[in-house]
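Hello,

Here is the structure for your files. My notes on it follow below.

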Amino acid sequence: RLRCCWSHRARTASSAAAACQPGYYNLALDPGNGNSLVYKITVSPSAGPLTVVPIIGSLGDNIVRIGGVPVTKMSGLSYDPTTGTAWGVTNGGNFPNRLIRFPIGDPNVAAASAVIAPGCLTVLNLSDIERDPATGRYFAINSSNTVAANNRIVMINVGGAPTVTCLPNPVPLGVNLRGLTFDCNGRLFVMRMTGPNGRVYNADKVTGL
């Protein structure tokens, strides 16, 4: 699953906001081996039809690789149009709890950094990294089915040693958040899943409510 949304990203909180753009990048997982695949999608989903094109890297495919090794089970992808850098997160696979980066034109040459979670989290389970176009900060979901304090929206510092900052209010257990994204004005949205059904909510970027 997993996608990168219309509001494209900047690498740090101090980066200038980048305008929404008429295309976006998508992360898909191979259901057989868990390899992480990158595609570019153009044309608005509301207008259609969509054009989906794999981003072929220097090794001849669109698999995110570190030192030639495919990265499995990435759980989010974002993009900085000011530098051409893609940013991703993992919560499992062969490079667990990593911040992944690569030039958007070559997913075959990725690098990874371990994510540091200070006292606000006891278990890292990151997904859906996205950039706030109004501030340049990166947000993500940290999901938990067992510890309420771990079930929340977080900010990720992608500069230097990647660190997680929790928004103050956790989400109650049983509220399964998916699909965090921003609109072009910097409003934060998440989807709450209940079985096969979902509802979209506007979330506060400061409180997490």
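Is Y79 buried or exposed? Y79 has 9% relative accessibility, so it counts as buried (under 20% relative accessible area; exposed is over 50%, partly exposed in between; 1.4 Å probe, protein chains only). This is a predicted model, in which local features need pLDDT of at least 70 and side-chain atom pairs count only at pLDDT 80 or more, while totals for chains, interfaces and linings use all residues. Residues are numbered from 1 along each chain as its sequence is written, and side-chain values use heavy atoms, with hydrogens and water left out.

Aromatic pairs: there are two (ring centres of Phe, Tyr or the six-membered ring of Trp within 6.5 Å; planes under 30 degrees apart are stacked, over 60 edge-to-face, the rest tilted). Y25 and Y79 are edge-to-face, at 4.9 Å centre to centre and 65° between the planes. F139 is buried at 2%, and F182 at 4%.

Sheet: β10-β11-β12-β13 is the order of four strands in an open, antiparallel sheet (strands pair if DSSP finds at least two bridges between them). β10 (126-131) and β13 (163-166) are the edges with a single partner strand each, so one side of each lacks a neighbour in the sheet. β11 (residues 138-142) and β12 (residues 152-157) pair over five bridges; F139 has M155 in β12 as its bridge partner.

Regards
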